[in-house]
Amino acid sequence: IAARIEIIWFFVRHRCDYTRPFTFSGIGDYAFKECSITRFIFPDSFSEIGQGALMNSKVEEVSLPAQLKLIPTGTFQGCTRLKVVRLGEKTELVSDYVFNGCPLTDLYVDAPYPPVCNTNAFTTKGTPFLPTCVLHVPAGKKKLYQYNKSWGKFKHITEQ
């Protein structure tokens, strides 16, 4: 029987990558806040993420697994180095201020239908990323995203 493991808080001073050293199902609110990990690749067993989980961290790239449905408020808020994010195919909701302060260059969304976005999902302080960030969507789904009220704000949408 597999035990459910959830990271509540994680401390690391040195710059590094984080790939699953063990199986866990989620991380709590602000668990990786202000950490120095530069790349996160979350395991397939991962299904839950807390509010502000990576807030103000030095992360540059994040890959979330297919079954993660909710991207909560402020998940990546203040991540001033975050350039690449991959959202899984079951993503259903992107909450407010998820990418606030992030200089995104590429956002990959594997969901076949555009996830619902809260009003301030793509609101950001500083330089807005919507005019320059490339939104990568599944093959044959570009028009669905392009004509969506929230996702259509991206100026560059390409099919994978």
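Student: Which residues does Ser57 touch, not counting residues up to four places away in sequence?

Tutor: Contact means heavy atoms within 4.5 Å. With that in hand, Ser57 touches Phe32, Glu34, Cys35, Gly78, Cys79 and Thr80, not counting residues up to four places away in sequence. Before going on, know that this is a predicted model, where local features need pLDDT of at least 70, side-chain atom pairs count only at pLDDT 80 or more, and totals for chains, interfaces and linings use all residues. Residues are numbered from 1 along each chain as its sequence is written, and side-chain values use heavy atoms, with hydrogens and water left out.

Student: Where is Ser57, and is it buried or exposed?

Tutor: Buried means under 20% relative accessible area, exposed means over 50%, and partly exposed is in between (1.4 Å probe, protein chains only). Ser57 has a relative accessible area of 2%, so it is buried. Its place is in the loop between β5 (48–49) and β6 (61–63). Ser57 and Lys33 are 24 residues apart in sequence, yet their C-alpha atoms are 5.6 Å apart in space.

Student: How many helices and strands does the chain have?

Tutor: Those come from DSSP runs, numbered from the N terminus: helices are H or I with at least four residues, strands are E with at least two. Here there is one helix and 13 strands. Reading along the sequence gives β-β-β-β-β-β-β-β-β-β-β-β-α-β. As for burial, 46% of the 160 residues count as buried.

Student: How do I read a sheet, say the one with the order β7-β9-β11?

Tutor: Strands of a sheet pair through backbone hydrogen bonds, either parallel or antiparallel. The working rule is that two strands pair if DSSP finds at least two bridges between them. The β7-β9-β11 sheet is open, has three strands and shows parallel pairing. At its edges stand β7 (70–71) and β11 (116–117), each with a single partner strand, so one side of each has no neighbour in the sheet. Two bridges join β7 to β9 (residues 93–94), and the bridge partner of Ile71 in β9 is Val94.

Student: Which strands pair with β12?

Tutor: Three bridges join β10 to β12 in parallel, while β12 and β13 pair in the parallel sense over four bridges. His136 makes a handy landmark: Tyr108 stands opposite His136 in β12, and His136 stands opposite Thr158 in β13.

Student: What about aromatic pairs?

Tutor: A pair of aromatic rings is described by the distance of the centres and the angle of the planes. Rings of Phe, Tyr and Trp (its six-membered ring) pair if their centres lie within 6.5 Å; planes under 30 degrees apart count as stacked, over 60 as edge-to-face and the rest as tilted. By this rule the count comes to 12 aromatic pairs. One of them is Phe122 with Trp151, edge-to-face at 5.0 Å centre to centre and 70° between the planes. Phe122 lies in the loop between β11 and β12 (134–137), and Trp151 in the loop between α1 (142–146) and β13 (156–159), so the pair ties together parts that are 29 residues apart in sequence.

Student: What is the geometry of the rings of Phe122 and Phe154?

Tutor: Their centres are 5.2 Å apart and their planes at 85°, so that pair is edge-to-face. Phe154 is in the loop between α1 and β13, 32 residues from Phe122. Both Phe122 and Phe154 are buried. Ring pairs link Phe76, Phe99, Phe122, Phe129, Tyr145, Trp151 and Phe154 into a cluster.

Student: Which residues have the most contacts inside the largest nonpolar core?

Tutor: In soluble globular proteins, nonpolar side chains tend to be buried together. A nonpolar core is a set of buried Ala, Val, Leu, Ile, Met, Phe, Trp, Tyr and Cys residues joined through side-chain atoms within 4.5 Å. The largest one here has 41 residues, and those with the most contacts inside it are Phe76, Phe99, Leu107, Phe122, Trp151 and Phe154. At least two residues of this core come from each of β4 (37–41), β8 (84–87), β10 (106–109) and β12. Not counting residues up to four places away in sequence, Leu107 touches Val85, Leu87, Phe99, Phe122, Cys133, Val134, Leu135, His136, Trp151 and Phe154.
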